[in-house]
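Student: I would like to go through this model with you. Could we begin with the contacts between charged side chains?
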Amino acid sequence: MASTRFSYLTGLRSSTSGDSYDPSTPQNLSAEGTTLFAQYDLDGVRDAVTPDVIARRAPDLWRYHELLPVQDPDRVHGFGEGMTPLIDLPALGKKLGIPRLKLKDESPLPTGTFKARGAAVGVARAAELGLRRLAMPTNGNAGAAWATYCARYGIELAAIMPVDAPAITRSEARFAGADVSLIDGLISDAGRAVGSLVARGEHFDVSTLKEPYRVEGKKTMGLEIAEQLGWRVPDVILYPTGGGVGLIGICKALRELQRLGWIPSDKMPRLVSVQASGCDPIVRAFEAGAENVEPLADTKTLAFGVNVPTPVLGAPSVLDAVRQTGGTAVRVSDEDAVASLRTIAEEEGLLPCPEGATTIAAAAELRRTGWIAEDDEVVLLNTGAGNKYPDVVGVTLPLLDREGAPTGIRM
Ligand SMILES: Cc1ncc(COP(=O)(O)O)c(C=O)c1O
């Protein structure tokens with residue numbers, strides 16, 4: 001049984017009309033203005049490769065190349081991204097009353113967040129399709145990741161980010177050669193500015209869910225979780241949701257694995273969309289039984305990556321995934337997120353990003369209400385490294401003089 005093709009991509013399909021689009025040319029949205037999703041010849045994949053073959057491949061996300069869109073193996077110039085650890089959390093799990101608690105820790109990825117997955121695949125595919133100049137709005141982490149991969153592939157990137165986005169992400173993107181602008185507003189304002197830039201005709205728009213391949217990279221989180229659990233799924237996955245790409249990707253991955261027969265077809269994890277109290281459009285839509293979000297204004301949270309007030313492209317698929325899997329959507333205050341960050345650091349020695357920490361607070365609350373049962377196996381997504389948020393994880397310490405005598409305190 002030998003793999004005959006690197007990718008089994010067959011086409012792109014509109015998430016609303018079901019119409020097909022040609023994957024051999026660059027594509028943005030469908031005629032109805034909705035996301036195009038990659039389709040694969042899963043019968044071909046099943047004939048070409050087995051989980052045993054995958055187990056022998058290098059520990060990075062390209063081990064799933066049959067289920068990724070890049071056609072030519074010579075196109076892949078990554079940094080070994082992927083196969084992040086799935087870590088048992090015995091002490092935190094005991095404290096929360098969830099003994100089978102685990103953390104999928106994305107902080108070891110290049111640029112310190114899960115955004116590297118979308119960038120690794122999205123930029124490689126953009127290069128393969130001959131694109132030379134990309135543009136995106138970003139809450140910071142995606143801009144850092146896409147700039148890094150664009151540098152690697154010799155592609156130009158214009159990134160527009162809110163002035164309040166984590167400062168380190170500006171430097172990461174700028175040092176990697178991106179053309180970075182700050183906007184005095186939110187990512188929705190940055191999105192409009194990118195729209196004007198793209199309209200001038202020199203850049204290809206790689207905004208969240210406006211091109212089909214970023215979500216394919218993020219899909220690998222779901223593939224890895226299934227493989228790391230021995231080709232099965234947990235009972236619950238909690239995901240910090242902004243635009244929704246990661247949650248949509250995880251759901252897509254697990255559905256593809258079910259159709260391949262690599263995981264049981266009768267069980268999906270209950271998917272939980274976690275948002276911040278200061279920016280909760282998806283939670284509001286879930287509670288209202290709505291199919292899309294009502295745009296919000298002036299949203300605010302220190303979990304900056306999930307400060308997405310108008311996730312209109314992703315929300316319908318997120319809400320669908322949550323509802324179809326019997327999941328739920330919950331909001332978490334910044335205070336509870338920071339308290340959870342401290343708790344996991346004390347109990348387990350891990351320093352997640354504040355977005356990731358929201359999933360801990362959400363799991364605690366869902367356990368309190370009984371929505372999560374004691375014997376549920378629960379996976380939290382930590383989407384990035386706490387180190388990237390020095391303002392959130394800053395501490396005050398005693399300052400000693402050279403003889404070791406206390407002289408004051410220092411932030
Ligand atoms: C650290 C972090 N977590 C979560 C998210 C939300 O991502 P998604 O678009 O997959 O919902 C972001 C987006 O910027 C982020 O930077």
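Student: Which residue forms a salt bridge with Lys102?
Tutor: Asp88 does, with the closest N and O atoms 3.5 Å apart. A salt bridge here is a side-chain nitrogen of Lys or Arg within 4 Å of a carboxyl oxygen of Asp or Glu.
Student: Why does the pair tie together parts that are apart in sequence?
Tutor: Lys102 lies in strand 5 (residues 101-105) and Asp88 in strand 4 (residues 86-88), so the link joins parts 14 residues apart in sequence. Strands (E, at least two residues) and helices (H or I, at least four) are DSSP runs, numbered from the N terminus.
Student: How many salt bridges does the count come to?
Tutor: The count comes to 27.
Student: What should I keep in mind about the model?
Tutor: It is a predicted model, in which local features need pLDDT of at least 70 and side-chain atom pairs pLDDT 80 or more, while totals for chains, interfaces and linings use all residues. Residues are numbered from 1 along each chain as its sequence is written, and side-chain values use heavy atoms, without hydrogens and water.
Student: Turning to the ligand, how many residues surround it?
Tutor: There are 17, and Lys115, Tyr239, Gly242, Gly244 and Thr383 are the closest; the criterion is a heavy atom within 4 Å.
Student: Which side chain has an N or O atom 2.7 Å from a nitrogen atom of the ligand?
Tutor: That of Thr383. This is a polar contact, meaning a pair of N or O atoms within 3.5 Å.
Student: Which elements give two or more residues to the shell?
Tutor: Strand 10 (236-240) and helix 9 (245-260) do.

Key: A polar contact is a pair of N or O atoms within 3.5 Å; within protein, one must be able to donate a hydrogen and the other to accept it, and residues adjacent in sequence count only if both atoms are side-chain atoms.
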